[in-house]
Amino acid sequence: MRAGARLFVIAIVAVGALAATVLLAQPRPAQPATAPQPTFTTSPSGPVPRLPNGKPDLSGLWANPYTPDMAVKGTVLDPTTRKPLTLSGAVLTDAKPAAIGGGRRSFDLPYTEWGLKHWKTYDPVNDGDYAGSCLPFGMSRNINSPHGLQIVQNDSSIALLFEQNTWFHWVPTNGMKWPADLPPSWNGVSTGRWDGDTLIIETTGFNGYTRLDTAGHPHSKQLKLINTFTRLDARTLRHTVTVHAPKAYTQDWMNVRTWRLKPPADVIMEYSCEENNLENLFSGAIKVWKPPENEDED
């Protein structure tokens, strides 16, 4: 969680380099439980900026919609039609209480038997939450976080700089292949490619410890996330995320979101989970998370 008063970090991006400069101490108001879709009208929208190679330049500090629950009714779409999936929405009376959404869990995604079991038994309060233990959130939950992210891009790669926990994620877009023997990780490894003016980022290689969102929707090590980014104009980005997790869900599903460029006066800020959460971990207010025993994931 955020420190009460954190430091502004203004990042100046040059060709192939980042230089952190001015530091200004200033607190930021706490985020609401469900942040509204941000809209900014500080200047007229202009054409899509482009890189020297002609591809859209996605660079900027973006307000990505806070998405603690990816399965909100009407937002779960079929990737082939982009129409809402038909789901029962039945309340799961034998499930553990949810930490958000009024404490109830429902059949809100196309679960497999394995996925439903892991959805119903998720109990971060009593079993410990890896995010509360300041461990990496995972690629999906990073993008779902409410604090915005900076995109830095050149002709051969793109970097996502998350304000959440000051994490970063680097993505080659020039066909570079990752080593085949990389160990599974919290955030996985990503490769990017262009389909016209849309950037497609595929991420695999997850360790299976994370959840897709704060609500706790499950996935296994088989997870493949497909994120697309299309810059519509100077201030607007269309983002889609498709979840391919055949062990947890009977079919792929997706969300479509709109990102807005933040005003020039807003900057990416320093964030430290440890200075807030460690005391609570030591006192027992937050239960320490441990990897599950007898892991049954592929």
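The model is predicted: local features need pLDDT of at least 70, side-chain atom pairs count only at pLDDT 80 or more, and totals for chains, interfaces and linings use all residues. Numbering starts from 1 along each chain as its sequence is written, and side-chain values use heavy atoms, with hydrogens and water left out.

**Overall make-up**

The chain has four helices and 11 strands. Both are DSSP runs numbered from the N terminus: helices are H or I with at least four residues, strands are E with at least two. Of the 298 residues, 48% are buried. Buried means under 20% relative accessible area, exposed over 50%, and partly exposed in between, with a 1.4 Å probe and protein chains only. Take the contacts with a separation of 6 or more: residues 24 or more positions apart account for 60% of them. A contact means heavy atoms within 4.5 Å.

**Strand β8 and its partners**

Strand β8 spans residues 198-204. Five of its seven residues are buried. Strands β7 and β9 both pair with β8; pairing takes at least two DSSP bridges between two strands.

| Pair | Partner residues | Bridges | Direction |
|---|---|---|---|
| β7 and β8 | β7: 189-195 | seven | antiparallel |
| β8 and β9 | β9: 224-231 | six | antiparallel |

Threonine 198 has a bridge partner in each neighbour: aspartate 195 in β7 and threonine 230 in β9. β7 and β8 form a hairpin with two residues between them. In that turn, glycine 196 has a positive phi of about 65 degrees.

**Asparagine 64**

Asparagine 64 lies in the loop between β3 (60-63) and α1 (113-120). Its relative accessible area is 4%, so asparagine 64 counts as buried. Its side chain reaches the backbone oxygen of isoleucine 143 at 2.6 Å. That is a polar contact: a pair of N or O atoms within 3.5 Å, where within protein one must be able to donate a hydrogen and the other to accept it, and residues adjacent in sequence count only if both atoms are side-chain atoms. Leaving out residues up to four places away in sequence, asparagine 64 touches Ile143, Ser145, Gly148, Leu149 and Trp259.

**The cavity**

A cavity is a set of points on a 1 Å grid where a 1.4 Å probe fits but cannot get out. There is one cavity of 30 Å³ or more. The largest cavity has a volume of about 30 Å³, counted as the space filled by probe spheres set on the points. Its lining residues, with an atom within 4 Å of a point, include Gly138, Arg141, Phe206 and His219.

Methods: On a 1 Å grid over the protein atoms alone, a cavity is a set of points where a 1.4 Å probe fits but cannot get out, and a pocket is an open set with protein on both sides within 12 Å along at least five of seven lines; lining residues have an atom within 4 Å of a point.
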